[in-house]
Amino acid sequence: EICCMMERLVTPACLFIALACMGSHVLARKQRTSKDWASMTEADWNKIDKDWETPEEEEEYAFKPPKQKGIDLEALQRELKKGGKGKNKKQNAQKMQQIIAEQQGSSGPAMMFATVDYPGCCDNKKMSEELANKWSSLLHASSIEQTAYVVQNNTILFSTQVAMAAKEIKEFVLKQPECVAIEWNQVRTPGPAETPAWKADDAVKKAAAEEKKKQKEEEKEEEEKRKKRSAKKRRKRKAVERAGKGSNLKYEL
């Protein structure tokens, strides 16, 4: 009975002491006026939020950067087991290269190049810029942060500071009918616009470009030979002139 009586007395006494301490703490603080509240800065509000925030909330709201994933060895082993010969072997090798590239590029900034083709492509950058702006707007609408630049009349560069978004950009672009191919981490993936007709036209363009390059190299080589011949003639002329002056001097002596 004595113990029970002590418990009844101690509990209200402890509660009274705790309330008294809290009250003195509140009274010790200077009461804010409406003017004080109106003049508070963003830093003041942040301090109040920090004071009221529990350790659990602080840990929950703290920024946690995405963890970089390692290479999926199981996926690579599955591709190795497929094996194959000829065309299938080449396709499996490309698939393995693509898996490694995507998993290595899971953190930091990322860039990729999209080759495009459409009716009227690609005499100038204007139409390609319109296409790049359209794709970029659609990606932004899907909360995918990136920037698109037209680096050549038929090439769009996509840049993002969040490499984890690169795969989503790639998948989006590959679904567009104007996409010929996209290259990311030195891996080229063909798109719907890489048709047999495009391949034939591209082969003709590449052959013409190669011929033009060869012609320029030949012209450059010929120009270098001409310069060498001219320099040789100048040296010979100077040698003759020096020899002539020497003979005249000997005759005078």
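Predicted model: local features only at pLDDT ≥ 70, side-chain atom pairs only at ≥ 80, totals over all residues.
A residue is called buried when its relative accessible area is under 20%, exposed when the area is over 50%, and partly exposed in between, as computed with a 1.4 Å probe on protein chains only. By this criterion, 22% of the 253 residues of the protein count as buried. Residues are numbered from 1 along each chain as its sequence is written, and side-chain values use heavy atoms, with hydrogens and water left out.

The secondary structure comprises 9 helices and 5 strands. Helices (H or I, at least four residues) and strands (E, at least two) are DSSP runs, numbered from the N terminus. Read from the N terminus, the order of elements is α-α-α-α-α-α-β-α-β-β-α-β-β-α. A contact is defined as heavy atoms within 4.5 Å. Among contacts between residues at least 6 apart in sequence, 54% join residues at least 24 apart.

A search of the whole structure gives 1 aromatic pair. The ring centres of Trp135 and Phe158 are 6.4 Å apart and the planes lie at 15°, so the pair is stacked. For this classification, rings of Phe, Tyr and Trp (its six-membered ring) pair if their centres lie within 6.5 Å; planes under 30 degrees apart count as stacked, over 60 as edge-to-face and the rest as tilted. Trp135 belongs to helix H7 (residues 126–141) and Phe158 to strand E3 (residues 155–160), so the pair ties together parts that are 23 residues apart in sequence. Trp135 and Phe158 are both buried.

Helix H7 also packs against another helix. Two packed helices are described by the angle between their axes and the distance between the axes. The axes of H7 and helix H8 (residues 166–174) come within 11 Å and cross at roughly 130°, which makes H7 oblique to H8. Here axes are lines fitted to C-alpha atoms, for helices over the stretch in contact, and angles run from 0 to 180 degrees between N-to-C directions. Angles under 35 degrees count as roughly parallel, over 145 as roughly antiparallel, 65 to 115 as roughly perpendicular and the rest as oblique. The crossing of H7 with H8 is right-handed; a crossing is left-handed if the near helix is turned anticlockwise from the far one by less than a right angle, and right-handed if clockwise. On the H7 side the contact is made by Trp135, Leu138 and Leu139, and on the H8 side by Ile169, Phe172 and Val173. These residues divide into 6 nonpolar, no polar and no charged, where Ala, Val, Leu, Ile, Met, Phe, Trp, Tyr, Cys and Pro count as nonpolar, Asp, Glu, Lys and Arg as charged, and the others, Gly among them, as polar.

Strand E3 also holds Ser159, which is buried at a relative accessible area of 17%. Apart from neighbours within four places in sequence, Ser159 is in contact with Ala110, Met111, Gln146, Thr147 and Tyr149. Met111 lies in strand E1 (residues 110–116) and is partly exposed, with a relative accessible area of 49%. With neighbours within four places again left aside, Met111 is in contact with Leu157, Phe158, Ser159 and Trp184. The C-alpha atoms of Met111 and Phe158 are 5.6 Å apart, although the two residues are 47 residues apart in sequence.

The loop between E3 and H8 contains Gln161, an exposed residue with a relative accessible area of 63%. Gln161 touches Gly108 and Pro109, not counting residues up to four places away in sequence.

Several backbone features occur in loops. A cis peptide bond with omega of about 5° joins Cys121 and Cys122, and Cys122 is in the loop between E1 and H7. In the loop between strand E4 (179–184) and E5 lies Asn185, which has a positive phi of about 55° although it is not a glycine. Asn185 counts as partly exposed at 37% relative accessibility. Gln186, in the loop between E4 and E5, has a positive phi near 65° and is exposed, with a relative accessible area of 70%. Val187, found in strand E5 (residues 187–190), is buried at 9%.
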